[in-house]
Amino acid sequence: MTAVSKKQIDTLVKVQQIEIETGKLKAYLDKVPARISSLEQELETFIRSVEDDEAEIEEFNKQYRAFEADVQLNLTKIQKSQEKLHSVKTNKEYQSSLKEIDATKAVNSKLEDAMLDILDKIETAERAIKDRKQHYTQIVDESNREKESIERDAEHREQILIELESKRAAVAGELDAGLLKIFNQVKAKQNDMVAIVAVQDAVCQGCNMNIPPQVYNELQRCDSLKYCPSCFRIIHWQDQDERSE
């Protein structure tokens, strides 16, 4: 049985409370880079979507120009075929030229339909990109503001963390070296890194299991280290006044 004073137990509790606060701050700060990265990725995704829309419009324009060139080429062929009609000598040649003209006109008709379809796609894409660009500045500003807010909050919490770590060192310095070693050993065996917990109404607040009556009675004397027989944490008695603080 390790003899210990109530003051030392209270100091252990203070160390534990500081470490819990420190752990929460570290967990929060560990997530900050991912939050900022997520914001940056969202902004990059938005910018890429605008660039993709612009590239799509450019591709539509290339297709339109290519079809337009084919239409002009076919119009030239039709004109030449029509001029050729005046020089044909047989009905067979005349009918053949007419078929050639009709076939070229049919090709042009399909090309012109395709051109109209492309114009519709260009118009739709341009409306979409216009809407995106109208919101571009707003989205960039909102993203930057949120990023700056996260960074400011992180800086504030980092300062608190430094103060807590300094406070922890000072409070831990009041403990007997052997007691602090036991505290750290118990903490290392717990998944939540909590080494000391209160007992309220004979129930361990670490694992919610009942403490044997004899242990509970001895615990109230606050003169030796006691351990929960279920979770093996250090336990301490907490009276009604302490609970209400």
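Two strands pair if DSSP finds at least two bridges between them, and helices (H or I, at least four residues) and strands (E, at least two) are DSSP runs numbered from the N terminus. This is a predicted model, in which local features need pLDDT of at least 70 and side-chain atom pairs count only at pLDDT 80 or more, while totals for chains, interfaces and linings use all residues. Residues are numbered from 1 along each chain as its sequence is written, and side-chain values use heavy atoms, with hydrogens and water left out.

Select the four strands to begin: they form an open sheet of mixed pairing, in the order β2-β1-β4-β3. At the edges stand β2 (203-204) and β3 (226-227), each with a single partner strand, so one side of each has no neighbour in the sheet. Strand β1 (residues 196-200) pairs with β2 in the antiparallel sense over two bridges, and Val199 has Cys204 in β2 as its bridge partner.

Next, show helix α1, which packs on the sheet and touches β1 and β4 (234-237) (contact means heavy atoms within 4.5 Å).

Then select Phe46 and Tyr136, whose ring centres lie 6.0 Å apart with planes at 25°, so the pair is stacked (centres within 6.5 Å; planes under 30 degrees apart are stacked, over 60 edge-to-face and the rest tilted). Phe46 belongs to helix α1 (residues 6-85) and Tyr136 to helix α2 (residues 91-172), so the pair ties together parts that are 90 residues apart in sequence.

Methods. Axes are lines fitted to C-alpha atoms, for helices over the stretch in contact, and angles run from 0 to 180 degrees between N-to-C directions.
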